[in-house]
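Me: Hi! I'd like to learn to read a structural model one feature at a time. Could you show me how?

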Amino acid sequence: MEERSQFSSKFGVLAAAVGSAVGLGNIWKFPYVAGQNGGGAFLVIYLICVLVMGFPALMMEMSLGRMAKTSPIAAFRKLTGNDRWTFVGVMGALSSFMVLSFYFVVAGWSLEYIYQSVRTTAFNGMNGQDLEMLFDSFAVSDCRPYIWLTIFVILTGMLILMGVQKGIEKGSKVMMTLLFALLLFLMVVSYFTEGGREGYEFYLKPDFSKIKPSVILQALGQSFFSLSIGVGVLLTYGSYVKKGNIVTTSLQIVTLDTLVAIMAGFVIFPSVFAFDIEPGEGADMAFIALPAVFSKMKGGLVIAIAFFALLAMAALTTTVSLYEMLVAVLVDSCKIKRFWANIAVGVLTLAGAVVCCHSLRPGTVFQIGGQSLFEIFDYVVSNYMLPLGALAMMVFFGWAYDQKKLHDALIGFGMNEGFYKVYMFVIRYFVPAVIVLIMLNQFNIVRI
Ligand code: PHE
């Protein structure tokens, strides 16, 4: 087997894991899912999910990787000596493929919007309706969406080819800081947008009558999606970690990721209301609301280009994490050379992305009951596959694995005894019970 890459520093892994977590899920997806599910009420449920479900689950997945020191499928084999848990890794690989299939499409959109920023001089003079038309005509056009997504697949493959260390670690640090600064700046700009008040009310005033079981499912799914939980990506990154306190690292990842999502909401919602965009608009919301902010701004061109470029880079550090996991699975479990694994993953995910992109065109065969494959992949992965993947890992972690070994490992990763006791209760009973309850409710077996 080829030598496993290692991160050069504690900060390297943190940067890479944050790079995986922060992406389109925060800026493109979070605002529109929040918009569709009641705004403020969703925000509250989301934050609760992040804290009591996401944080423990993230720590569990990172620890599993750190204990196994190998990629998902091989990890369970290595820890147990048998193949009984291999299905968790296989399911994770499938999730990873499905996420990449629609993610590459949206990542491609961010490249298009760099181009559009230049072409329209930061969307100068365009109103909400113009921006909606601009998006709609692009998303179903014959050529450009496919070219952009292909470029994105190639970029990702090339970064992987350059190796984990150089590729991910260096880029993440600089880019994350810049993205953070730009979002802060845009929050201020958005605050002063005329007509934006209503956006704040929608986003910050929870209307609890809007909370239905389906909203809870979406909040759970979105929190796992945003934190990259349940696929095996964090397990893979965890396997590269040698030192550092697991609790602190996990808390940092969760905090940064959540901050970026909340900030994106602060940028987007005022603009949604100021420009008469529907808050339940759907997958195109960010690509209408953000250009609307830029169109009104002095110096909007530079900011618009910088923003979409950073969005593309944030997406790139995420696609790299998913792609790397699939490559690692092929290398570690099928003993394929890294180079060929890279090519195979590239070809496969490119095919998935082309199909997802095509499914957005009205009346194609890639739709089921009026829903595009793009939407179906997104919905099924986030709301079912990730929570169930995490649940399976948790059952392994808290029940099937040797608890004495687990205890020693976690203490070795920097947990103290008191925290360990509470943590194990949460991971053995609380989180699994909540996931099971939400799922049973979803399938009408139990009514919440
Ligand atoms: N967390 C990523 C984002 O928010 C998406 C992702 C999901 C990445 C699952 C890896 C695994 O953009």
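Reply: Let's begin with Phe425, which counts as partly exposed because its relative accessibility is 49%. The labels work like this: buried is under 20% relative accessible area, exposed is over 50%, and partly exposed is in between (1.4 Å probe, protein chains only). This is a predicted model, in which local features need pLDDT of at least 70 and side-chain atom pairs count only at pLDDT 80 or more, while totals for chains, interfaces and linings use all residues. Residues are numbered from 1 along each chain as its sequence is written, and side-chain values use heavy atoms, with hydrogens and water left out.

Me: In which element is Phe425 found?

Reply: Phe425 belongs to helix H18, residues 417-442. Helices here are DSSP runs (H or I, at least four residues) numbered from the N terminus, as are strands (E, at least two). To place Phe425 in the fold, take Gly398: the two are 27 residues apart in sequence, and their C-alpha atoms are 8.8 Å apart in space.

Me: How many residues of helix H13 are buried?

Reply: Ten of the ten residues in H13 (286-295) are buried, so the helix is mostly covered. Among the buried residues of H13 are Phe287, Ile288, Leu290, Val293 and Phe294, along with Pro291 and Ser295.

Me: Now the loops, please. Where is Ser209, and is Ser209 buried or exposed?

Reply: Ser209 sits in the loop between helix H9 (197-204) and H10. Ser209 is exposed because its relative accessible area is 61%. Asp207 is in the loop between H9 and H10 too, and Asp207 counts as partly exposed because its relative accessible area is 31%.

Me: What joins the side chains of Ser209 and Asp207?

Reply: A polar contact of 2.6 Å joins them. That term means a pair of N or O atoms within 3.5 Å; within protein, one must be able to donate a hydrogen and the other to accept it, and residues adjacent in sequence count only if both atoms are side-chain atoms. For Asp207 and Arg338, 131 residues apart along the chain, the C-alpha separation is 51 Å.

Me: Which backbone atom does the side chain of Thr120 reach?

Reply: The Thr120 side chain reaches the backbone nitrogen of Phe123, at 2.9 Å. Thr120 lies in the loop between helix H5 (86-119) and helix H6 (128-139), and Thr120 counts as buried because its relative accessibility is 13%. Another loop residue to look up is Asn82, between H4 and H5. Asn82 is partly exposed because its relative accessible area is 26%. The C-alpha atoms of Asn82 and Ala312 are 41 Å apart, across 230 residues of chain.

Me: How should I read backbone phi angles?

Reply: Most residues other than glycine have a negative phi, and most peptide bonds are trans. Lys69 has a positive phi of about 55° although it is not a glycine. Lys69 is in the loop between helix H3 (40-68) and helix H4 (72-80), and is partly exposed because its relative accessibility is 37%. Ser228 has a positive phi as well, near 60°. Ser228 lies in the loop between H10 and helix H11 (233-238), and is buried because its relative accessible area is 10%.
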